[in-house]
Amino acid sequence: MNLRKPVEVNRVRRPVRVGALASLPLFFPLEGRRVLLAGGTDAAAWKAELLAAAGAEVHVYAERLDAAFNDLFAEGSVKGQFVYHARPWGSDSFQEACLAIADAGSEGEAMAFACEANAAGVPVNVIDKPDYCEFQFGSIVNRSPVVIGISTGGVAPILGQTIRRKIETLLPESLKSWAELAGKLRGKVLELLKPGLERRRFWERFSDAAFSGEMAPVGEGESDDYTLAANDGETGQGQVTLVGAGPGDAEYLTLKAIRALQTADVILFDDLVDDAVLELARREAKRLLVGKRGGRESCRQDDINQMMICLAHQGKHVVRLKSGDPMIFGRGGEELARLAEEGISATVVPGITAASAMAARLGVSLTHRDHAQSVRFVTGHSRHGDLPETVDWTGLADPATTTVFYMGARMAGRISARLINEGMPWNTPAVAVAGVATTEEARWSGALSDLGAGVAGLGLERPIVIAIGKVYGNLEDVRSAGQVTCRMVKAG
């Protein structure tokens with residue numbers, strides 16, 4: 001078989017000017033600085049906690065305080081401090097303040113507070129009254145010293161909170177420890193490493209480690225050792241990450257998979273990986289198509305292995321992106337063994353396998369306790385293109401077992417005949433799903449005896465997962481023994 005050369009799918013991005021901004025994002029240090037906060041409400045308490053977390057000396061002016069303030073004052077602040085003035089704010093309250101915030105009870109109070117702040121030259125914010133605000137509080141992702149602010153210009157705060165939650169999922173909690181370590185190492189890096197490529201390469205490796213999910217080394221000796229070890233790493237040895245891309249829909253990706261894609265130098269991906277998954281990868285990463293499909297010109301596994309080895313020896317972070325889960329009929333074990341022979345560091349990020357996605361989309365539990373006490377994932381053909389004879393076919397015919405066949409489309413008729421011959425009832429419910437969780441997903445359901453014809457109706461253009469067992473007996477499409485249905489279903 002001729003080797004199909006990998007196809008590079010890099011995009012060239014043209015530089016563009018900065019688009020219009022609703023406001024300029026700035027980061028304002030408050031360590032030890034005085035901030036005026038007028039109001040004793042819950043909303044004001046939230047602002048007080050936020051300001052103190054940034055190290056401010058928060059002067060609260062209010063005749064009475066809601067319970068939230070009592071709790072806040074009792075707990076104190078790990079960084080800033082609170083000073084309570086049991087009276088309304090006045091002109092003197094603005095002296096030496098660097099910011100002024102109020103939760104005004106009326107339009108008149110809001111206007112008066114803003115005018116007084118302007119006269120004193122203090123930036124002002126009146127909570128929930130944008131007409132009197134010179135700055136806004138955005139949503140915050142806190143991995144301090146890494147802090148991300150999100151603003152919608154005050155027009156859609158709930159949207160800002162939703163964006164914050166999305167970003168939160170992409171940033172590991174351990175990022176905080178790595179950012180703190182970066183501050184400690186900065187001087188050591190300037191001392192030990194040469195300007196230019198050597199320092200840049202160190203910080204690239206450091207940034208990759210920061211997104212590994214592991215905590216940073218914290219002790220003085222450990223951090224010094226890390227600097228030296230990372231510097232020694234310039235010998236060129238890279239790493240490989242086997243990543244499960246899931247069955248199709250990019251939203252099935254795990255957080256670890258997304259982080260791996262966003263730190264990759266090179267991505268070797270299969271035919272079945274959806275373009276939407278690749279869109280989540282780091283823009284600078286090279287994308288090489290190394291698909292293997294039955295009956296088509298493909299890259300050989302040995303060539304893919306050698307490609308990973310060569311790229312890793314060049315110091316690259318290689319992501320081997322596989323449809324589904326790399327450790328379920330994905331030859332992940334073979335690739336790990338070959339990389340280990342070369343002494344190349346390799347890790348695995350599991351993915352959602354097609355059987356699990358199919359069960360979720362059909363709304364059928366693979367191990368419903370009334371129908372099945374075990375589930376088996378079985379390859380539908382041997383390496384010689386026939387039914388696998390090493391499979392326990394008698395065990396697969398067990399009525400209390402749900403069996404899912406991968407790569408069995410061409411063998412569907414023979415699978416049906418073999419199971420019936422082993423004693424499985426001919427009217428056992430069966431389903432087949434082509435292109436699970438893609439925009440072209442199609443489903444068939446019916447009796448085991450009709451499996452061959454049902455799968456043939458789906459065609460062989462897309463990968464097909466076959467599932468057999470009593471758990472499928474309550475599917476809406478299966479009305480009676482022998483009924484055959486086939487329909488297209490949109491993913492989502």
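This is a predicted model: local features need pLDDT of at least 70, side-chain atom pairs count only at pLDDT 80 or more; totals for chains, interfaces and linings use all residues.
Local features are reported only at pLDDT of at least 70 and side-chain atom pairs only at pLDDT 80 or more, whereas totals for chains, interfaces and linings use all residues. Residues are numbered from 1 along each chain as its sequence is written, and side-chain values rest on heavy atoms, with hydrogens and water left out.

An open sheet is formed by 5 strands in the order 4-3-2-5-6, with parallel pairing; strands are DSSP runs of E of at least two residues, helices are runs of H or I of at least four, and both are numbered from the N terminus, while two strands count as paired if DSSP finds at least two bridges between them. Strand 4 (81-85) and strand 6 (124-126) are the edge strands, each pairing on one side only. Neighbouring strands of the sheet are turned by 20° against each other on average, direction ignored, where axes are lines fitted to C-alpha atoms (for helices, over the stretch in contact) and angles run from 0 to 180 degrees between N-to-C directions. Helix 1 (residues 42-53) packs on this sheet, touching strand 2 (34-38), strand 3 (57-61), strand 4 and strand 5, and its direction makes about 170° with that of strand 2. Helix 3 (residues 107-120) lies across strand 2, strand 5 and strand 6, and runs at about 170° to strand 6.

Strand 5 (residues 99-102) pairs with strand 6 in the parallel sense over 3 bridges, and A100, found in strand 5, stands opposite V124 in strand 6. A100 is buried (under 20% relative accessible area, with exposed meaning over 50% and partly exposed in between, for a 1.4 Å probe and protein chains only), because its relative accessible area is 0%. Its contacts (heavy atoms within 4.5 Å), leaving aside neighbours within four places in sequence, include L36, F113, A117, V124 and F135.
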